[in-house]
Amino acid sequence: MMPPVFSASLITRGLLLLILAAGIYFFHGFLVPGLAALIIGFATWPLYRRLVVRCSGRTTLAASLAILVVLVVLVVPLSVAIHFAIREASEFVRWAIEANRHGAAVPAWIEALPLVGAQLAALWREHLGEPHALGAWIQMLSGQHVGNISRTVLAAAGNLAGLLLLVLFMLITLFFVYKDGAHIAGQLDRVGEHLLPERWQRFSRVVPATVSATVTGMGLIAIGEGVVLGVAYWIAGVPSPVLLGVITGFMAMIPGGAPLSFTLVSLYLVGSGDAVAGLALFAWGSVELFIVDKTLRPRLVGGPVKLPFLPTFFGLVGGVSTLGMVGLFVGPVLMALLVAIWREWVRGLDDKPERPQSA
């Protein structure tokens, strides 16, 4: 009797891989809300465990209260800010279309800048003053036509139904992450111990700490800086303060991004003739940045995996290009996990005793 061409174990593994591929294909649309729920769950898990104790161990009640807190504290304020930012961005895109059609005139605040105003105005007239010059620069830098960008922004402003659906899926997933998180973590530990018996304990403890530290040290602090400086922009009378606040929050996730943002806005105020507001904004931004970096960030983060500039930048750009707004947090978190796992792996190799050399 001839042996079978394919063994039973090989057929079983092939079927499992096929089922896994089919699941990824059919359910990849839930990847974004699922990742967002996992990140929020990891970052808030210590606070949730305290809530479970307050609720006498009733995880369903604790999970419901936690979802309500996330909705009120995080989802609603961010949704409102993004809505107003998209509206202000739509006005800016309309200005860009008109400026591209007729040529972009030099803003008065650029010409009024001390020392460099005349040179910058000359460069502006040379490269942006002609009709369609602005569109050519936008297409060269982003690969998109200015009209396509306009349609994208306007579509984002009107696609609230899809955004609400993603938020709903995220909240449902987060509820079960809270409710059954301990049970799921136990199952993962069993599988991890089987796959990586010598390293799983270190890796499994690094992952939650890294996610929590990255979200707290980058995400929450960036949101706070965006809110605080956005309010300062509004008080200083800067146009589109919500949009600039959102941009500042995004830039605050990159090392050196927040000071660059409020410095440029301060220069705009000085060039517009309001030197007092510009200097006051710059002073307030410097004080706020000093307080955050020297006081709040060390206390909130507590010594996490610190990402260098390049992995942070790649994580942000890769996350946004792949997952959209959620990628602002998913990208840096995944990059931080890769760096943490690599460092733990190298530390494990360093801790191994050297084999004695044979005589």
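Me: Where is Val69 found, and why does Val69 count as partly exposed?

Reply: Val69 is found in helix H3, which spans residues 59–102; helices are DSSP runs of H or I with at least four residues, strands are runs of E with at least two, and both are numbered from the N terminus. Its relative accessibility is 48%, and since buried means under 20% relative accessible area, exposed means over 50% and partly exposed lies in between (1.4 Å probe, protein chains only), Val69 is therefore partly exposed. This is a predicted model, in which local features need pLDDT of at least 70 and side-chain atom pairs count only at pLDDT 80 or more, while totals for chains, interfaces and linings use all residues. Residues are numbered from 1 along each chain as its sequence is written, and side-chain values use heavy atoms, with hydrogens and water left out.

Me: What makes the nonpolar surface patch that includes Val69?

Reply: The patch is made by Leu68, Val69, Leu71, Val72, Val73, Val76, Val80 and Phe84, and has an area of about 680 Å². Patch residues must have over 30% relative accessible area and no salt bridge, with nonpolar side chains (Val, Leu, Ile, Met, Phe, Trp, Tyr) joined within 5 Å and like charges within 9 Å.

Me: Why is the aromatic pair of Tyr48 and Tyr178 called by the name it carries?

Reply: Rings of Phe, Tyr and Trp (its six-membered ring) pair if their centres lie within 6.5 Å, and planes under 30 degrees apart count as stacked, over 60 as edge-to-face and the rest as tilted. By this rule there are four aromatic pairs. Tyr48 and Tyr178 lie 4.6 Å apart, centre to centre, with 25° between the planes, so the pair is stacked. This pair links distant parts of the chain, given that Tyr48 is in helix H2 (residues 31–54) and Tyr178 in helix H8 (residues 160–195), 130 residues apart. Both Tyr48 and Tyr178 are buried, and together with Trp45 they form one aromatic cluster.

Me: How do you know that Asp180 and Lys179 meet in a salt bridge?

Reply: The rule asks for a side-chain nitrogen of Lys or Arg within 4 Å of a carboxyl oxygen of Asp or Glu, and the N to O distance between Lys179 and Asp180 is 3.4 Å, so the pair qualifies. A search of the whole structure finds one salt bridge. Asp180 has a relative accessible area of 25% and is therefore partly exposed, and the value of 29% puts Lys179 in the partly exposed class too.

Me: Is Ser261 buried or exposed, and why?

Reply: Ser261, whose place is in helix H11 (residues 257–271), has a relative accessible area of 10% and is therefore buried. Its side chain reaches the backbone oxygen of Gly257 at 3.0 Å, and, leaving aside neighbours within four places in sequence, Ser261 is in contact with Tyr233, Thr248 and Met251.

Me: Which class does Ser266 fall into, and why?

Reply: Ser266 also lies in helix H11, and because its relative accessibility is 5%, Ser266 counts as buried. Not counting residues up to four places away in sequence, Ser266 touches Gly278, Leu281 and Phe282.

Terms used
Accessible areas come from the Shrake-Rupley method with a 1.4 Å probe; for residues, only the protein chains shown count as cover. A polar contact is a pair of N or O atoms within 3.5 Å; within protein, one must be able to donate a hydrogen and the other to accept it, and residues adjacent in sequence count only if both atoms are side-chain atoms. Contact means heavy atoms within 4.5 Å.
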